[in-house]
2 protein chains.
Amino acid sequence: MSVEQVLDELKVKITKKLPVGVTISNVEFEGPELVIYIPEPKKFADNGDIIRNLAKDLRKRLVVRPDPGVLASPEVVIEKISKIVPEDAGITSHYFEPDTGEVIIEAEKPGIVIGRHGNTLREITKEIGWTPKVVRTPPIKSSTVKNVRQYLRDHKDERKALLKTMGRKIHREISSKDKWVRVTALGGCREVGRSCFLLSTPETKVLIDCGVNVGSDDNGTPYLYIPEVTPINQLDAVILTHAHLDHCGLVPLLYKYGFEGPVYCTPPTRDLMALLQLDFIDVAAKEGKTIPYESAMIRETLKHTITLDYGDVTDIAPDMKLTMHNAGHIIGSSIVHFHVGDGLYNIAFTGDYKYEKTRLFDQAVNNFPRIESIITESTYGGSKDIQPSRNEAELHLQQIVKETVNRGGTVLIPAFAVGRSQEVMLVLEEAIRLGIVDKIPVYLDGMIWEATAIHTTYPEYLNSDLRNLIFHKGMNPFLSECFEQVDSVEKRKDLLTNPRPGVILATSGMMNGGPIMEYLRAYGPDAKNSLVFVGYQAEGTMGRRLQKGWSEVPVHHNGRTDTIKIDLQVHTVDGFSGHSDRKQLMSYIKKMKPRPELIMTEHGDEKSCLDLASSLYRKYRIETKAPMNLETIRLV
Amino acid sequence: MSVEQVLDELKVKITKKLPVGVTISNVEFEGPELVIYIPEPKKFADNGDIIRNLAKDLRKRLVVRPDPGVLASPEVVIEKISKIVPEDAGITSHYFEPDTGEVIIEAEKPGIVIGRHGNTLREITKEIGWTPKVVRTPPIKSSTVKNVRQYLRDHKDERKALLKTMGRKIHREISSKDKWVRVTALGGCREVGRSCFLLSTPETKVLIDCGVNVGSDDNGTPYLYIPEVTPINQLDAVILTHAHLDHCGLVPLLYKYGFEGPVYCTPPTRDLMALLQLDFIDVAAKEGKTIPYESAMIRETLKHTITLDYGDVTDIAPDMKLTMHNAGHIIGSSIVHFHVGDGLYNIAFTGDYKYEKTRLFDQAVNNFPRIESIITESTYGGSKDIQPSRNEAELHLQQIVKETVNRGGTVLIPAFAVGRSQEVMLVLEEAIRLGIVDKIPVYLDGMIWEATAIHTTYPEYLNSDLRNLIFHKGMNPFLSECFEQVDSVEKRKDLLTNPRPGVILATSGMMNGGPIMEYLRAYGPDAKNSLVFVGYQAEGTMGRRLQKGWSEVPVHHNGRTDTIKIDLQVHTVDGFSGHSDRKQLMSYIKKMKPRPELIMTEHGDEKSCLDLASSLYRKYRIETKAPMNLETIRLV
């Protein structure tokens, strides 16, 4: 049966189920969704259960949109909304999405826009034709988010055509009679970096992650040239676990190679990914390295990205459903679960995950409707890779800050912009707020501020304590006045030349460049200052050298290299990692429901992958494998 | 460096090494060989060591051929040869191979053609320009061998062009910097039938075997459609372990799908393969099944086949050398050894093998210059799969024949045309010759006679005892007057209607059709006759039913199905298998030199593959795997 026939049948089926007098004008697959176009949005608004019942019946992700013809002009809509919504709602902007018929209303107090029992919102819906969505105005504006959204609006027609093509491909008829499922390791096995897996059936091929090994001497690319993957344009989809470059750094390269399919990820992953990819090619260019792709390919990636929220069960191919679950690693990070065939097989890829509740996130999900096998990260998979608890780590950090400030010194903290920085910010904010340390300024330099802004844009991806604090207690710790963005050259110069007690959080996390190097140059020679490592320092990096106690290091400055004497105190605070430590990895599997039949280990050095695999087998008697890159495992 | 440049350099290098006055006219890659064309064959004949020294220096398979221009016409050559060679040499024919410049002289007494210390042959060489090769006139004429050779002569120009194309591909420059070796299971893993492996590097892809599962309800094809293999025309080569259909039955299909590369196998494998493939599509047509390929594709296969003898180290790709070794399973059967890269990795695929000396063959080779891993068959890999010794089996068979003949009965032996039939023929011939059983006729029906003829064409592929018997003692047991070919409809009719004491060896081996069914119809109801199984009877076959003791079976005859009462005695004589039993499999590995790092088991049901793999690990502490079809193992 052709897709056209399927759509015709669906139209008949839907029409039959509608109440008398309610009509639809068209149905169409757009990406993974079945879109129902309606001529009279008001009638649908009055029959709230229609969609829910239809979706259950059809087992599809349904979206209802007004016919483009019935949409009033934005000016008229804004006028109407302003008449309905009380002024104290604090509406800050309206974003119109003509391709979806949605208007996104940003307001400082979304509750007032929604109204009691949703009354105000329902009134808006009836009046404007457009589907209103209300979001809280992000307390910190992110230029990334703004640019991404603007770009997508500017290319809405092209995107709509793409979604239609993708939708038809997703809902194509299954042509193969064979039934099997395989996973091929393309990168990130028995190593950290360039994570990339291929999940394939006779019908479908999807990539899970497509990272780059930024530390590699070579190009750090996964094995994308092998016949299992080529030609790239035959891939059905790319699914991303999270936005770190070792998981998504080379997605734009796929588009350069001819990929035309969708990228699935959460909304925060999409925005952070764009930020980090742009920074990646920017840094590469500055360091005189070969740039693997141009920024146009990053925009191409955006254009093809379909965002999913945790828990959305989504058809991504005729024989494959994808669901994303919280991984607790960074904002938007996901454990991606695939249901293959009609009950044939279920597999999850953890990506990086934290099986412990942190200040930012809930602990990673390990409860699935069904699961036969899981591919788990193993960064801390070695039997001795035990980390201190988050609580111990926080006390340790507070202690260092307290002592340094008490002696009039400054604390330098090199940190990755995404994840670790925000955790440390929350710890410091609380310590200052509760008076554990003095009221000192915390300076944020590099991409940290922008990454924080993305966090405040997606509060629903933070844990419930933090959401509660922000929304119900009106206390957003990221907005604390202790934080100060270093947003100009002058401000940085001032900080560098006039040392003062406080904390400076700056990138890069392993001190391989970035503003942190300027601070090291200024603060390194003075023994009353401190340098605190809160993340892993890879062999060969400047961070690692300082950790080892080097007393002199070379620092590039204005085109020449100076040797800096290091007299400040160097500390390492373990326990802030976004990765599960060995105990957490073991416990994640132990408490997993249902119990998997097969566990594969990856994303760890060879020893860690093998150690975790054999320990899991010995302890829980579940079959384990530590695949090598370029290997293919048959699952069923 | 282009292939042209390589050839130019080789020409200069070779010219420098030649004695003064000796010249060459051209060098060219033809298939895996480097061919040196010479204008004066006499001078090369006078300098016997030139070639051997050059080959050693260049590490290439060298062939020297006279310029086509210096070759005399066949009539003149025949005339000249007849003048030089004494008449009692019994020359029976001359085959001219203009593409190689060889003339093959078939003689009943090859020794006389060669002459004392090769003097006569050297004289011929000097006189005729062609390179003479002397072979013994096969005592039984094989129409297959004749047809194959005639076909190749008829297409010599096309074949020469093909060999040149293949030669240039084999000697291309290596383009990839990566170094890895992988093996992908496409069929025959945890099952018997459709054996097929892919061995791949960044540069090269070769198939090892491409069999069909004749017993399959489906099409019994290996997984040839997966991306690792497609497009088929990008394969570098196909290497065949032996001629049984479960190892080579679908090679012609590859040509149908666009393959244009070479098939490597031994000369007997080539001829037997053609015989069995033609029979395969013939039987399929008769049974009304879909024919996977037309006979034209079998001819295409022949045209692309390059034969290698045991021990020939041959370049088959820029990073791969192939060597075939005796496997002792059927005539021409090989253990195929690959040397990958320049010392990067060595792997052997056993195909089917017998690690015991039999009447026909020496035991399988398990001694290699280098080896890291081996993929071994596991047909009898289960811990209880112990077979009686060959000696016990022979005594058992003789006993049954003796008793049956003594009571005036006839012995029916269903057997595969290739391998088992010839073994049983030798046992019966000896028993009759030595008077252990009476002088009875042994009738051969089906393809057995033709298969036997192919055996006598390639005596160098039989074991030394048999060669000694044939060549030095002048006693060819296959020519014994006890054997009688059922070569006409009348003869078969006579045998069916006038029962007489004796043995009838007929195909098919599992009684799924073939002439054996006619004999069962005629001899089945009489209790004084015997039916003896000497080979494995698969579940679902008529043979298996009779083995289980069914007293009535349906037999198709002249388009209708009759029910036949079975009263004859049914025996199973184990121990004639061409497969190693469990003890032999274990012993093959134990005595293997050098000791491999990794063993993979295949060609056995799931239990046998897993049992053998775990036993080998437990006993010898060598890493083992029992791969599944569709899996890829990384070797290095």
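**A sheet and its surroundings**

Reply: Let's begin with one pair of residues: A:Glu97 stands opposite A:Glu102, which belongs to S5(A). Please keep in mind throughout that this is a predicted model.

Strand S5 of chain A covers residues 102-107, and S4(A) pairs with S5(A) in the antiparallel sense over six bridges. In general, the strands of a sheet pair through backbone hydrogen bonds, and they may do so in a parallel or an antiparallel way. The sheet to which these strands belong is an open one of three strands, in the order S4-S5-S6 (chain A), and its pairing is mixed. Where are the edges of this sheet? They are formed by strand S4 (91-97) and strand S6 (131-136) of chain A; each has a single partner strand, so one side of each is left without a neighbour in the sheet. On average, neighbouring strands of the sheet are turned by 20° against each other, if direction is ignored.

A helix joins the picture here. Helix H4 of chain A, residues 74-84, lies across S4 and S5 of chain A. Its course runs at about 145° to S4(A).

You can look for the corresponding part in chain B. There, too, an open sheet of three strands has mixed pairing, in the order S4-S5-S6 (chain B). Its edges are strand S4 (91-97) and strand S6 (131-136) of chain B; because each has a single partner strand, one side of each is left without a neighbour in the sheet. S4(B) and strand S5 (residues 102-107) of chain B run antiparallel and are joined by six bridges. For a pair to find by eye, take B:Tyr95, whose bridge partner in S5(B) is B:Ile104.

Which helices pack on the chain B sheet? One of them is helix H4 (residues 74-84) of chain B, which touches S4 and S5 of chain B and whose direction makes about 140° with that of S4(B). Helix H6 (residues 119-128) of chain B also packs on the sheet. H6 touches S5 and S6 of chain B, and its direction makes about 140° with that of S6(B).

Chain A is superposed on chain B by a rotation of 179° with 0.0 Å of shift along the axis, and the RMSD is 0.1 Å. The two copies are therefore related as by a two-fold rotation axis. To find this axis from chain A, go to A:Thr632: its C-alpha is the nearest one in that chain, 2.2 Å from the axis. As for the interface, 100% of the interface residues of chain A are also interface residues in chain B, so the copies meet through the same surface.

Farther along the chains you will meet helices that pack on each other. Such a pair is described by the angle between the two axes and the distance between them. In chain A, the axes of helix H13 (residues 390-406) and helix H14 (residues 420-433) come within 10 Å and cross at roughly 65°. H13(A) and H14(A) are therefore roughly perpendicular to each other, and the crossing is right-handed. Residues making the contact include A:Leu397 and A:Val401 of H13(A), along with A:Val424 and A:Leu428 of H14(A). The contact residues of these two helices divide into six nonpolar, one polar and four charged.

The axes of helix H20 (residues 582-590) and helix H21 (residues 606-620) of chain B come within 11 Å and cross at roughly 45°, which makes H20(B) oblique to H21(B). The crossing of H20(B) and H21(B) is right-handed. Among the residues in contact are B:Leu585 and B:Ile589 of H20(B), and B:Leu612 and B:Leu616 of H21(B).

Finally, some backbone details in the loops. Most peptide bonds are trans, and most residues other than glycine have a negative phi. A:Thr230 and A:Pro231, however, are joined by a cis peptide bond with omega of about -10°. A:Pro231 sits in the loop between strand S9 (205-208) and strand S10 (237-239) of chain A. A:Arg194 is not a glycine, yet has a positive phi of about 45°; look for A:Arg194 in the loop between strand S7 (182-187) and strand S8 (196-200) of chain A.

How values were computed: Residues numbered from 1 in each chain as written. Chains lettered and ligands numbered in written order. Predicted model: local features only at pLDDT ≥ 70, side-chain atom pairs only at ≥ 80, totals over all residues. Heavy atoms only, no water. Pairing = 2+ DSSP bridges. Helix = DSSP H or I, 4+ residues; strand = E, 2+ residues; numbered from the N terminus. Contact = heavy atoms within 4.5 Å. Axes fitted to C-alpha atoms, helices over the stretch in contact; angles between N-to-C directions. Parallel < 35°, antiparallel > 145°, perpendicular 65-115°, else oblique. Left-handed = near helix turned anticlockwise from the far one by under 90°. Least-squares fit on C-alpha atoms with pLDDT ≥ 70 in both. Nonpolar A, V, L, I, M, F, W, Y, C, P; charged D, E, K, R; others polar.
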